[in-house]
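Thanks, everyone, for making the time this morning. I would like to walk you through one model, starting from a single residue and then widening the view.

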Amino acid sequence: MTQSVFIQNSSPLAAQPPSPGGGHELPRNSGRALEMDWVDGIRINLSAAERRVASLPGRRTVKKDAQAAWLLKAITCVDLTTLNGDDTTERVKRLCAKAKAPVRGDLLERLGFAGRELHTGAVCVYHRFVATAVEALEGSGIPVAAVSTGFPAGLVPHDLKLKEIEASVRHGAEEIDIVITREHVLTSDWRALYAEVRDFRAACGDTHLKTILATGDLKTLRNVAKASMVCMMAGADFIKTSTGKEGVNATLPVTLAMLRMIRVYQERTGYQIGFKPAGGISTAKDVLNYQFLMKEELGRDWLEPDLFRIGASSLLADIERQLEHHVTGHYSAFNRHPVG
């Protein structure tokens, strides 16, 4: 079985400004046996992929109220993140406060959004701060995502990776962002990758599993596509581009490769798999391009936080800044929009 992607463009869907909020219950991906013909048959047309994403900014744009609506929707999909060596309890608490109130009340009122619930999709932290974040977010409906399995390199012993997942789940994490062993991809050891992610899924139990591919380390789009398919067969609920610590993180061509694999997996199994780009998405203009690509490739469902997350730290400040410009006509300094 050969699965060729990027041979021709898919038919674009008209981008309608989504209303913030929404989401729905999805049947969870149960995974399946490793189908090597699914993996071996993947082909990538790099030039077609590059042409496809290069055309996006010229074909898709939204202005004024429509842009504000798309940006409000983007906020609901942000995994507000702090993953620094100098993180502190107080920084995490400030981040959680921002996640609960991501846009100033006066701006929401002028946007006609006063009194409506608006918060980020999750808060993402190291295991050390999971309990702190869970306590700070109690009653908000915002889940805590914990990076795990020796993030960001993923080179600690396998049994320790499983223990780290289990510890974060015990402390209240509702989502676990794991990193795969890149060597398995670079040596085409797909059975080892499948077994690893299958173990991670088992350790998560009912907690949702996001698999970070660290695409900047995988060298080719074919590797990215194959790794995506194997992780989904192993039971991943989301596939995620990057840790944010690689030299190259989320890009639109990588995103396209992963979205096409999500589409193929859904066609073959019926399961909808989530997608999370992370690293380097720092402006409102950036996030709009990712939203447009999600809508065109997978449809309206993938604009909701149960199927789309954006790993970001500084993005929220720029979105709030753009919303302030929309209602006042003036740009403000970034330091007027603190995140954490």
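This is a predicted model: local features need pLDDT of at least 70, side-chain atom pairs count only at pLDDT 80 or more; totals for chains, interfaces and linings use all residues.

**From one residue to the whole chain**

Let me begin with phenylalanine 308, which is found in the loop between α13 (284–298) and β10 (310–312); helices here are DSSP runs of H or I with at least four residues, strands are runs of E with at least two, and both are numbered from the N terminus. Residues are numbered from 1 along each chain as its sequence is written, and side-chain values use heavy atoms, with hydrogens and water left out.

Phenylalanine 308 has a relative accessible area of 1% and is therefore buried, a word I use for under 20%, with exposed meaning over 50% and partly exposed in between, for a 1.4 Å probe and protein chains only. Leaving aside residues up to four places away in sequence, phenylalanine 308 touches Cys77, Phe238, Phe275, Pro277, Tyr290, Gln291, Met294 and Trp302, where contact means heavy atoms within 4.5 Å.

Turning to helix packing, the axes of helix α8 (residues 158–170) and helix α10 (residues 190–204) come within 9 Å and cross at roughly 30°; axes are lines fitted to C-alpha atoms, for helices over the stretch in contact, with angles running from 0 to 180 degrees between N-to-C directions. On the α8 side the contact is made by His158, Lys161, Leu162, Ile165, Glu166 and Val169, and on the α10 side by Glu196, Asp199, Phe200, Ala203 and Cys204.

Finally, the whole protein, which has 14 helices and 10 strands. Its radius of gyration is 19 Å, close to the 20 Å that the globule rule gives for 340 residues, so the protein is as compact as a globular protein of that length; the radius is taken over C-alpha atoms, and the rule is 2.2 Å times the number of residues to the power 0.38. Of the 340 residues, 56% count as buried, and residues 24 or more positions apart account for 79% of the contacts with a separation of 6 or more.
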